[in-house]
Each structure stands twice: as structure tokens, then as C-alpha cells.
Amino acid sequence: MLFSSISFLFYYLPIVLILYLAVPQKAKNYVLLVSSIFFYAWGEPRYIVLMVVTILLGYGSGLIIERLKNLNGKKAVLIVSVCLCLGILGFFKYTDFLVDTFNSVTRMNIPLLRLTLPIGISFYTFQLISYIIDVYRGTTEAQKNPVKLAVYISMFPQLIAGPIVRYIDIKEQLLVRKISWEKFSYGVTRFCMGFGKKILLANTLGELTNVYKNQDTPTVVFTWMYAIATMLQIYFDFSGYSDMAIGLGSILGFDFPENFKHPFMSKNATEFWRRWHITLGSWFRDYLYFPMGGSRVKRARHFLNLFVVWMATGLWHGANWNFVLWGLFFAAILIIEKYGLLKVLAKSDIVGHIYCLLVVMISFIIFDNTIITEGFTRIGYLIGIGDVRFCSGNTLFYLKDYAVVLIIAAIGSTEFPMWLVGKLKAGKAGCVINILEPVFNLALLIIGTAFLINGSFNPFLYFRF
């Protein structure tokens, strides 16, 4: 079940909110747990048992680690439990990838298992691993109540697409949380904004990228349109879903961390990754990069650390070599920046900004093309390499058709809209803006719902992760 679906918006969510707000504080976790299990079962009923087993594994591991006095014993339980979590994730997500790669190298024909990837397994596995490691490190106590831990792992707002919420950030809210009109209002506004970003921008941009991929005679201009649309589609798709998750969390009384901070405003790739998918980047930093030594090692080891982290980041996004290449591409760029390029880019914000956008655009062409050669071919088309014309009548037709959406998306990806709203609210028009805000939210819901009823293109790119 997607947040951007009629069944979620008009059936599931209203029923859950009525029950959740009606019951006393002590019962809210039970309502949230049952509704979250139902939410998951709607899409993957077969894998409910897998999620329950994973939760019990984390619950038992946390208790055992906390009770053991011997450090070696604690470490042994940590290693076993993390390996089991990663083993479950790896079995479902990477078995066919490894078998297919082995077949390609050896020219054998071992049959693929063709397993269906459990929804959200990458997200809830990482949350559970962070919990187990934090208990081992002593930064948090083990959760004694299995219901609270189950709510933390299975909570439907952030179950299938994050943000990756750490247990230490919401452990107090699992016990008691404040549900106020301010948080409810903020949550509704944030959800509606995310819904609009997903349905009106990401989906429309996705239509454009599909049109390009189905073209027999691509052009340089159309390839640039495709590259820009792909970059913006991925951003609005995922950040829109994150906005909806954060909004739903606020409605339920939770404070989820931010996942995006206008990444296209960055002046280099290093800054970009501090603004893009923030919870994933901080997870890899704290639970893989720092334990490997981070940057406080010799240069050769630092290179290795970065390549390992970014290969893992690429593989986390999908079981295909284009994702690995995408991760290694960023590893190389970040190394080049750290060892000299950042100083050069710092001399001109404009040059840095253009450079960053070009790097990100090229990276997302790699990300978007599971056949690696197709990705490189399309990168070549950007500068006229290959059998490609500069422009055509067909290209101009689609440019006119999608120009408004591309412009709105480009402006919407910057800080300008938020800055403008903040200025208006602080000025004489503040009262008017406050009155118009709920009207705008309602309009987004109505227009977005009309798109859904009309059967518009409505994928979710990160659903497979």
C-alpha cells in the first residue's frame, strides 16, 4: 500500500487515525502496531513472519547483550545478531544478483530463485542493526517491552521508505508522546506537501523519462531533458515520500529526522551528500565508516574506507552493477574533492554549483540505467557523442509539453519557495498566508487525488529498496 493511493488516503488512514486518537495513551502503541502489521500485510502478507522473526532477533539480542558482563560475550552476540540480520537481507535482496553474476562469469546456468523482495526490508533491517549496536555501545538501554520495539521497527509511516529512524531518537516517544493541534497541523501540511511533490511533480517527470526511453531517435536536447527530469524525479519521489512519512509521524506524535535539505543547492558533491538522504548517510558514517577508522588513518586506508562505504551504499540501493558503479563513482568524486578539488571549488560558488549539478546529473543517469552500456551511451549523447541529432520536431513538442513542469520542479527543488513563504508570513501578508495554507493543502489533495483517479503514472522508485 502506497501513501499515494486511494486505499491509503480514504480508507486505511482515516480509520487508523480515528482509532488512534480515540484510545487512551496506554493503548496507542497497540493500535499503531496492529495497524502497521495490517499495512505491511496489505502488500506482503507472506513476509509478516519474516518481520516478526527479525524483530524477535533484535529484541532478544538487545536483552542478552545488556545482561552479559563479559565484553567478549557481548561482542560475540553482536556479531552473530548483525550477521543474521544482514544474512536475511542479503538472501532476499542479493541471491539472484550473485547467482546471475556467477553465471555470467562461468557461463553456467544455475537457476535463479526469483525471490520477491520484502517491502522495506533494507530500511527496517538497518534500524534494527543500529538498535543492537547502540545497546552494545551502551548509548541506550535495551527495550524490555517487545511491543515498543515492534512499534519502532514496524511503524507504518517510515516502514517502507524511511527516513531511517534510530531507536535512541524516539525511545522516549515510544513510552509517551504529546499529540497536539500544532503537531497535527504541521503533520497535515507536511503530508500534503509531500503528496503534491510525489503526484504532481515526480510522477509527471517520470512520464517524461519514460517517453525518452521509448524514443527510437534520441537527440542531444531530449537527452538533457531526460537527465534533468531523472534527477528531479528521483528527488521529488523520495523527498516527497519522506515528507509524507515525517508528516504522518507528527500527526501520531513522533518527531522523525529530516531526510533532505535542498541538496541541489550544494556547491560540491561532499555537501550534496550531507543534504541528500541524510539518515542513510549518517547511518553508514556512524556504523561503518567511523568503525573502519574514518579519515583518521593513512591515505591508502582512507581511500579503501571510502570505497567500501560507497560500494555498500550503492548495493543498499539495489542488487545490480549500475548501483555499485554509482556508489564507486561518488567514492572517486569525494576522494578527488577531499584531496584538492574542494579548495578550487571554494573560489567560486557559481562554478561549484554548476559542477555539483553536472556530477549529480551524470550519477543519476548511471543510477537510472540497469544496463550500464545504455547509461554511458546516454551520457555520451549529452555532448553529441554517438549516432544522435542535436534536436528534432519531436523533441521540441515534448519540450513545450513539459517545460512548465521542469521549471516548477527546478524552482521547487531550491530554498526559494520556503524563503518566500517565510518572508510573506513575517510581513503584513502573514495572516492571509496562514488562512490560505489549509486551502492550498486541500487543493493539493484534491488535484493529486484527481490524478490518481484518472489512473496516472504512479510508481515509487524506492519501493524496491
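**The setting of Asn 322**

Tutor: A polar atom of the Asn 322 side chain lies 3.4 Å from the backbone oxygen of Asn 369. A polar contact is a pair of N or O atoms within 3.5 Å; within protein, one must be able to donate a hydrogen and the other to accept it, and residues adjacent in sequence count only if both atoms are side-chain atoms. The model is predicted, so local features need pLDDT of at least 70 and side-chain atom pairs pLDDT 80 or more, whereas totals for chains, interfaces and linings use all residues. Residues are numbered from 1 along each chain as its sequence is written, and side-chain values use heavy atoms, without hydrogens and water.

Asn 322 belongs to helix 13 (residues 321–345); helices are DSSP runs of H or I with at least four residues, numbered from the N terminus. Its relative accessibility is 0%, so Asn 322 counts as buried (under 20% relative accessible area, with a 1.4 Å probe and protein chains only). Beyond neighbours within four places in sequence, Asn 322 is in contact (heavy atoms within 4.5 Å) with Ile 366, Phe 367, Asp 368, Asn 369, Thr 370 and Ile 372.

Across the whole structure, a search finds 55 aromatic pairs (ring centres within 6.5 Å, using the six-membered ring of Trp; planes under 30 degrees apart are stacked, over 60 edge-to-face, the rest tilted). The rings of Phe 39 and Phe 156 form a tilted pair, because their centres are 5.7 Å apart and their planes at 40 degrees. Both Phe 39 and Phe 156 are buried.

Notes. Buried < 20%, exposed > 50% of the residue type's maximum accessible area, 1.4 Å probe, protein only. Helix = DSSP H or I, 4+ residues; strand = E, 2+ residues; numbered from the N terminus.
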